[in-house]
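This report covers helix packing, a sheet and model confidence. Please keep the sequence and the 3D view at hand.

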Amino acid sequence: MDKPPIKEKTREEVEAERKAKRAAKQERKKAALEKQKLDGLESQKKCKESSTESTTAVDSTKVPKPKPDISKTAQKKQSTQKIETTKKVINTKSNKNKENIVKNVEEVKPLVKTVKLANLVKKSTGPVTHKVKLFNHLYIDSISLLAENKLKINSGKVHPSFIKLGVQMQTSVVAGSNARCLAFLYALKQTISDFVTPEHKTFARSFEEHLGPAIDHLMACRPFSVSMNNAHKSIMWHVKRLPHNISDGHAKDTLETVINNYIYVQIHMASKAICIAAQNKIAKGDVILTYGYSSLIERILTSAHSNNKQFRVIVVDSAPWYEGRQLLHRLVRNNIQCTYVLLSATSFIMTRATKVLLGAHALLANGYVMGRAGSSQIALVAKHFNVPVLVCCETYKFTERVQTDSIVFNELANENDVMPKEQWLNNRYLTPLGLRYDVTTSDLITAVVTEIAILPCTSVPVVLRVRPN
């Protein structure tokens, strides 16, 4: 004979049975305690009755026995009846409680499930952190930095010109590689003029210590550009070469002349030389495509128009900052014929362009160009349509850093610039990411226009080796 198949119980059913058994055990214990209490009451009553009987027996020896009272016997019977009725009520209550407990256990099952799910949801949501894991190394703890900056500012270690510049950089009032470098150098000139060397200390070392908190403050407000880094290194190289016995006045004069020469030669004269070289590449009837806003590109186009060169300009722009509108307004003010499109229309408008002029944030040692986000897309589309791409960049923006993508080193913009805070703050599935720069490979760029000459991208190491300081 085959045995009937045994039904396997689910985990929930087993747990329910265990809970019911535990509840039944608890009820049994309660009932046993109640019985013990009742037995104790009965024993106490019996003791009292026996004590009354003994007193009556002692008194009966002295006093004649009274007749038995019928009312006392009736009270005893009533008390015994009451005890029996209470026992029955307790038993019925215990049975009812057992049934109710079983029902409650069955009702608690879905509630337990819902509570567990709710707890899981709470744990999973928790405090919403909006960070992209791939760019985790670029995020800055803004709260701790703000606290440190407040301490530095209140202590008086940071010069007011650097505090002002930090606010301007953080709010994007001062934007662009050249503008930030110029603002930094002018703030440095003010700190040098207001600096006083402490007693028994040299100017060079004490000024370097004095400048450290100001540089940290600026870095906390916004990371340094390559142009600012190179300018800072060049000025500090001259500071370290000052003699130990130099007076404050003479040291300040020499450093001010150094800063003025750097601004004049590396920025103003370099941009003028680039304008002359780039104008020679603009022919009559050219349609020049540019992206975003660059002060150098604006100067090239305005000076070419003032030299009676006939050309049209296509300004390509992109969210979230729309910097190209600033270039568009300035070119139209100078009566230059312009077309304004967004980055999504690049492949459509590129068929009309004859040349592409791009600005640059930095030129890397491996020949790659670091520019505002979207520049690599413009260069890629231009390469597809066989349109030459010229990058205009001063040599003081050349750096020894090597980078092949925009992930290793970049700058993150404020998330609120990308989209409003109400749309992403409470949504843990949405994280806005605003990358400021991207990297363009050297094969997509035709040439780089510098103040030295029009060079290929691969000649960056040669320029870095030849350049002084």
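Which residue in β6 is the bridge partner of Ala362? In this predicted model, the partner is Met370.

**The sheet**

That bridge belongs to the pairing of β5 with strand β6, residues 369-372. The two strands run in the antiparallel sense and are joined over two bridges. They are part of an open sheet of three strands, ordered β5-β6-β8, with antiparallel pairing. The edges are β5 (362-363) and β8 (437-440). Each edge strand pairs on one side only.

**Helix packing**

Helix α8 spans residues 248-279.

| Helix pair | Angle | Axis separation |
|---|---|---|
| α7 (residues 226-240) and α8 | about 150° | 10 Å |
| α5 (residues 177-194) and α8 | about 170° | 10 Å |

Take α7 first. Angles over 145 degrees count as roughly antiparallel, so α7 and α8 are roughly antiparallel to each other. The crossing of α7 past α8 is right-handed. On the α7 side, the contact uses Asn230, Ala231, Ser234, Ile235, His238 and Val239. On the α8 side, Leu255, Val258, Ile259 and Tyr262 take part. Seven residues of this contact are nonpolar and three are polar, with no charged residues.

Now α5. The same cut-off applies, so α5 and α8 are also roughly antiparallel to each other. From α5, the residues in contact are Cys181, Leu182, Leu185, Tyr186, Leu188, Lys189, Ile192 and Ser193. They meet Lys252, Leu255, Glu256, Ile259, Asn260, Tyr262, Ile263 and Ile267 of α8. By class, this contact has 11 nonpolar, two polar and three charged residues.

**Confidence**

How far does the model's confidence reach? The chain has a mean pLDDT of 82. A pLDDT of 70 or more is reached by 77% of its residues.

Two stretches need care. Over residues 55-74, pLDDT stays under 50, and the model has one contact there beyond four places in sequence. Over residues 107-126, pLDDT also stays under 50, with six contacts beyond four places in sequence. Where pLDDT is low, predicted coordinates should not be read in detail.

Definitions and conventions
Residues numbered from 1 in each chain as written. Predicted model: local features only at pLDDT ≥ 70, side-chain atom pairs only at ≥ 80, totals over all residues. Heavy atoms only, no water. Axes fitted to C-alpha atoms, helices over the stretch in contact; angles between N-to-C directions. Helix = DSSP H or I, 4+ residues; strand = E, 2+ residues; numbered from the N terminus. Parallel < 35°, antiparallel > 145°, perpendicular 65-115°, else oblique. Left-handed = near helix turned anticlockwise from the far one by under 90°. Contact = heavy atoms within 4.5 Å. Nonpolar A, V, L, I, M, F, W, Y, C, P; charged D, E, K, R; others polar. Pairing = 2+ DSSP bridges. pLDDT = per-residue confidence, 0-100.
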